[in-house]
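Student: Before we begin, could you take me through the reasoning behind the terms used for this model, setting each value against its definition?

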Amino acid sequence: MGLSGSKPPGAPLEVNKKLTTLEFDTQFGIGDDKVLDDPSAYQRLIGRLPYLTMTRPDIAFAVQCLSQFMHCPKTSHMEAAIKVIKYVKQSPGMGILMSANASSQLTAFCDADSASCPNTRR
């Protein structure tokens with residue numbers, strides 16, 4: 001595995017290879033994914049989400065991934081952005097509450113699905 005660009009046995013992708021959108025679509029079978037006719041709605045939506053990550057760090061990684069497609073978003077990117085919005089609306093109490101009353105109790109959550117993304121291995 002020391003060689004750059006080597007492929008482990010049984011792996012569908014090369015190691016340490018950054019995927020383009022076309023390669024990602026091919027790998028996951030997304031064939032009818034079209035570029036949005038008007039990307040401004042996607043750009044406005046994604047442009048507002050980083051402000052929400054201040055109190056909702058659980059969506060920070062998804063927002064960072066979606067912001068990589070600002071110049072040429074596809075329908076799947078818009079659908080993923082809408083799923084993030086639906087998640088935020090369905091779980092209003094999951095954010096960080098910044099109240100005037102200080103508390104020493106900390107509650108944390110962890111996603112145990114590691115290495116599921118071929119782009120980032122997160």
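Student: What makes the pairing of serine 91 with the side chain of arginine 56 a polar contact?

Tutor: The backbone oxygen of serine 91 lies 2.9 Å from a polar atom of the arginine 56 side chain, and a polar contact is a pair of N or O atoms within 3.5 Å, where within protein one must be able to donate a hydrogen and the other to accept it, and residues adjacent in sequence count only if both atoms are side-chain atoms. The model is predicted, so local features need pLDDT of at least 70 and side-chain atom pairs count only at pLDDT 80 or more, whereas totals for chains, interfaces and linings use all residues. Side-chain values use heavy atoms, with hydrogens and water left out, and residues are numbered from 1 along each chain as its sequence is written.

Student: Why is arginine 56 called buried?

Tutor: Its relative accessible area is 4%, and buried means under 20%, with exposed over 50% and partly exposed in between (1.4 Å probe, protein chains only); arginine 56 therefore counts as buried. It lies in the loop between H2 and helix H3 (60-66), and, leaving aside neighbours within four places in sequence, arginine 56 is in contact (heavy atoms within 4.5 Å) with Tyr87, Val88, Ser91, Pro92, Met94 and Gly95.

Student: Why does proline 73 count as buried?

Tutor: Proline 73, in the loop between H3 and H4, has a relative accessibility of 1% and therefore counts as buried. Not counting residues up to four places away in sequence, proline 73 touches Val35, Leu36, Pro39 and Tyr42.

Student: Is aspartate 33 buried or exposed?

Tutor: Aspartate 33 has a relative accessible area of 11% and is therefore buried; its place is in the loop between helix H1 (21-28) and H2. The C-alpha atoms of aspartate 33 and serine 76 are separated by 6.3 Å, although these residues are 43 residues apart along the chain.

Student: Why are H2 and H4 called oblique to each other?

Tutor: Helix H2 (residues 40-52) and helix H4 (residues 75-90) pack at an angle of about 40 degrees, with their axes 11 Å apart. Angles under 35 degrees count as roughly parallel, over 145 as roughly antiparallel, 65 to 115 as roughly perpendicular and the rest as oblique, and H2 and H4 are therefore oblique. The contact is made by residues including Leu45 and Leu49 of H2 and Ala81 and Ile85 of H4.

Notes: Axes fitted to C-alpha atoms, helices over the stretch in contact; angles between N-to-C directions. Helix = DSSP H or I, 4+ residues; strand = E, 2+ residues; numbered from the N terminus.
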